[in-house]
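Here is a briefing on a predicted model. Please keep the structure in view while reading.

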Amino acid sequence: MAKVVAFGELLWDLLPSGKVLGGAPANFIFRVNSFGDTGLLISRVGNDTLGEDARRIVADLGLSTESIQTDFEFPTGTVEVALDEKGTPDFTIIHDVAYDHIEISSEMVQQVKDCNCLYFGSLIQRYGISKNSLKELIRESGSALKFLDVNLRKDCFSETVILDSLAAADIVKLNDAELLSLKPLLGLYCSELRNLAGEMLARFDLQIVLLTLGESGAFLINREGEMIYTPGYQVDLIDTVGSGDAFSAGFIHSYLNGATAQHALEFGNAAGALAATTRGATVAFSKTDLNEFLSQEWPRKIHPSFAMMA
């Protein structure tokens, strides 16, 4: 079993159907555990009812709460989520909440020293306390893979945060819209998505760039020169909340346990698709369920930019 630590937001997604516990790192760690690895979430909630509810649900999901701090000044994080007709979420994120103030501790330093992978994103770095704690954990994490889920959120990132994060990362995951959005900020020049991903890989000396393409699948490029594309699954969509996090968890589970880049990408792609057939981000499915999904014949959707690779 691999050991994976995720540093970041634990919050409530306020969906049209009601509140659901979420946050990309929390969703990711939930899926990591469901695939049989050991996942630990480092986060912070408020000393309030939402914080108590969050702790209870985290425990009910089979996750440890030992590294979830309690803040006595700032409230538990919330996000208002609106879904369009395709189930794609639009987020309104509340600022200056508990997860913006995660304090470093000797216990969490030891956790990252012992892990195989440290996961982080951009949202958790919008305020100084959590950003500085993350920097210290990255320094202490040694040879552990640094997995950056860019996860851009409006008004919640800066050029400095993105540049520093890319410089620290080994593996970067982002979607096609995020890659195009970052192109001018990073001074990238290529027009084709796969070449743009390759330019990012080379510019920041990354091991792997993972590019998700929504219903059209996913693409990978690595420093060994492999360029791999897998088409999307046409499933009965419920919503896409947590699909990207399931993709990341599926990929890193396979990759850390010795799978080829091709297999890890396919496993992650399938995990994201299966997550999209459930409501919210924490409806459980196991590795066995996912392997059964992979064994079935599904209609696939090919992204036009990657048609020659399908």
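The model is predicted.

**Largest pocket**

- The lining counts 47 residues, and those closest to the pocket centre are Thr-88, Pro-89, Thr-240, Ser-243 and Gly-244.
- By class, the lining holds 17 nonpolar, 17 polar and 13 charged residues.

**Largest cavity**

- How many cavities of 30 Å³ or more does the structure hold? There is 1.
- The volume of the largest cavity is about 60 Å³.
- Its lining is made up of Leu-10, Leu-21, Gly-22, Ala-26, Asn-27, Phe-30, Leu-41, Val-58, Leu-61, Leu-63 and Thr-282.
- Which elements give at least two residues each to this lining? They are strand S3 (18-22) and helix H1 (24-34).
- H1 gives the largest share, with 3 residues.
- The cavity lining divides into 8 nonpolar and 3 polar residues, with no charged ones.

**Four-stranded sheet**

- 4 strands form an open sheet with mixed pairing, in the order S3-S2-S6-S7.
- S3 and S7 are the edge strands; each has a single partner, so one side of each is left without a neighbour in the sheet.
- Direction ignored, neighbouring strands of this sheet are turned by 30 degrees against each other on average.
- S2 pairs with strand S6 (residues 77-83) in the parallel sense, over 4 bridges.
- Which residue of S6 stands opposite Leu-14? It is Glu-80.
- Helix H2 (residues 49-60) lies across S2, S3 and S6. The direction of H2 makes about 60 degrees with S3.

**Nine-stranded sheet**

- 9 strands form an open sheet, again with mixed pairing. Their order is S5-S4-S1-S8-S9-S10-S11-S12-S13.
- Strand S5 (68-71) and strand S13 (227-230) are the edges, and each pairs on one side only.
- From one strand to the next, the twist averages 15 degrees.
- Strand S8 (residues 117-121) and strand S9 (residues 145-149) run parallel and are joined by 5 bridges.
- Within this pair, Cys-117 stands opposite Leu-145 in S9.
- Helix H7 (residues 193-203) packs on the sheet. H7 touches strand S10 (171-175), strand S11 (208-212), strand S12 (218-222) and S13. The direction of H7 makes about 40 degrees with that of S12.
- Helix H8 (residues 243-256) also packs on this sheet. H8 touches strand S1 (3-7), S8, S9, S10, S11 and S12. The direction of H8 makes about 165 degrees with that of S9.

**Helices H5 and H6**

- How do helix H5 (residues 159-168) and H6 cross, and at what angle? Their axes come within 11 Å and cross at roughly 100 degrees.
- H5 and H6 are therefore roughly perpendicular to each other.
- From H5, the contact involves Glu-159, Ile-162, Leu-163 and Leu-166. From H6, these meet Leu-182, Leu-185 and Leu-186.
- The residues of this contact divide into 6 nonpolar, no polar and 1 charged.

Conventions
Residues are numbered from 1 along each chain as its sequence is written. This is a predicted model: local features need pLDDT of at least 70, side-chain atom pairs count only at pLDDT 80 or more; totals for chains, interfaces and linings use all residues. Side-chain values use heavy atoms; hydrogens and water are left out. Two strands pair if DSSP finds at least two bridges between them. Axes are lines fitted to C-alpha atoms, for helices over the stretch in contact, and angles run from 0 to 180 degrees between N-to-C directions. Contact means heavy atoms within 4.5 Å. On a 1 Å grid over the protein atoms alone, a cavity is a set of points where a 1.4 Å probe fits but cannot get out, and a pocket is an open set with protein on both sides within 12 Å along at least five of seven lines; lining residues have an atom within 4 Å of a point. Grid points are joined across faces, edges and corners, and a volume is the space filled by probe spheres set on the points. Ala, Val, Leu, Ile, Met, Phe, Trp, Tyr, Cys and Pro count as nonpolar, Asp, Glu, Lys and Arg as charged, and the others, Gly among them, as polar. Angles under 35 degrees count as roughly parallel, over 145 as roughly antiparallel, 65 to 115 as roughly perpendicular and the rest as oblique.
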